Amino acid sequence: MAETLPRRLVVVGGGGHAKVILEILRAASPPWDIVGIVDADPDPRSVLGVPVLGRDSLLPSLRAEGVNAAFVAIGENELRQKLAISTQDLGFELVNAISPAATLSPSARLGRGVAIMAGAVINAAADIGDLSIINTGALIDHDVQVGEAAHIAPGCAIAGNVAIGERAFIGVGATVLPGISIGEDAMIGAAACVIHDIAARTTAVGVPARVISNVPKGPR
Ligand SMILES: CC(C)(COP(=O)(O)OP(=O)(O)OC[C@H]1O[C@@H](n2cnc3c(N)ncnc32)[C@H](O)[C@@H]1OP(=O)(O)O)[C@@H](O)C(=O)NCCC(=O)NCCS
């Protein structure tokens, strides 16, 4: 029987988040043929040995050369969502990067372009939206809904029936109690404990989490 050639894939973004994604994609089975990276800043010339081919403007020619899969490896939520839409519009399939060291319930639903890092646990009936990041060691319990392009940072504990809005950012080590809703573009500070619903576009920090701003800013 003829062997199928590995599918050709380009990674969009070459920063720190991309390093983690590259190592996950390299461990994938069947393997990807990672042709390279495109990045707004084409220096350095390679990331973990994968060449930076040039800027995002190279994507149409890569598509024309038969590269048909892409992963948008950008940590910032709004930019990741924007670039994913334009990459998909060029005809690339947005694939998932799921660490073999993550634990996924068979009843969880995963969207497209999702990153799930080592040690993450996705429990029963959780719904993980397109382009979201479930970072290292994050726990997503049963029936949680993670919105499109949200980012659950390393070590978060998201209890059952929580709803997290589009592009929301939950900082490293935060805890969210059962049934809480967090609105779109909200930011939750590192190590916060969220015990009340958090409105869209607000920043909340501390234990228990308190709103400090209605205008999100800073890293997401
Ligand atoms: C919440 C956060 C986004 C706020 O950033 P910011 O808007 O730049 O806020 P500032 O640094 O100006 O701090 C504003 C106030 O909130 C406090 N604060 C900020 N982050 C806090 C946190 N995580 N817990 C408790 N208080 C915090 C600051 O001490 C400051 O208080 P003050 O006004 O009394 O001095 C940021 O501090 C944070 O926690 N980011 C998480 C980063 C992370 O987890 N990255 C993971 C990448 S994988």
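Guide: What follows is a description of the interface between the two domains. The model is a predicted one. The protein is divided into domain 1, residues 7-95, and domain 2, residues 97-207. Taken over C-alpha atoms, the centres of domain 1 and domain 2 are 23 Å apart.

The contact itself involves 17 residues of domain 1 and 21 residues of domain 2. Between them, domain 1 and domain 2 bury about 1,400 Å², and 62% of this area lies on carbon and sulfur atoms. On the side of domain 1, Ile24, Asn77 and Gln81 supply 39% of the area buried against domain 2, which is more than any other three residues supply.

Next come the polar and charged interactions. There are zero salt bridges between domain 1 and domain 2. Polar contacts do occur: 11 residue pairs across the interface of domain 1 and domain 2 are in polar contact, counting pairs in which both residues have a pLDDT of 80 or more.

Two helices stand out on the side of domain 1 that touches domain 2: helix H1 (16-26) and helix H3 (77-89) are the elements that give two or more residues to that side. Helix H3 gives the most, with six residues. By class, this side of domain 1 has 10 nonpolar, five polar and two charged residues.

To put the picture together, domain 1 meets domain 2 with helix H3 as the element that gives the most residues on the domain 1 side, and the interface has polar contacts but zero salt bridges.

Conventions:
Residues numbered from 1 in each chain as written. Predicted model: local features only at pLDDT ≥ 70, side-chain atom pairs only at ≥ 80, totals over all residues. Heavy atoms only, no water. Domains from an automatic or database assignment. Contact = heavy atoms within 4.5 Å. Buried area = accessible area lost by both parts, 1.4 Å probe. Salt bridge = Lys/Arg side-chain N within 4 Å of Asp/Glu carboxyl O. Polar contact = N/O pair within 3.5 Å; in protein donor to acceptor, adjacent residues only side chain to side chain. Helix = DSSP H or I, 4+ residues; strand = E, 2+ residues; numbered from the N terminus. Nonpolar A, V, L, I, M, F, W, Y, C, P; charged D, E, K, R; others polar.
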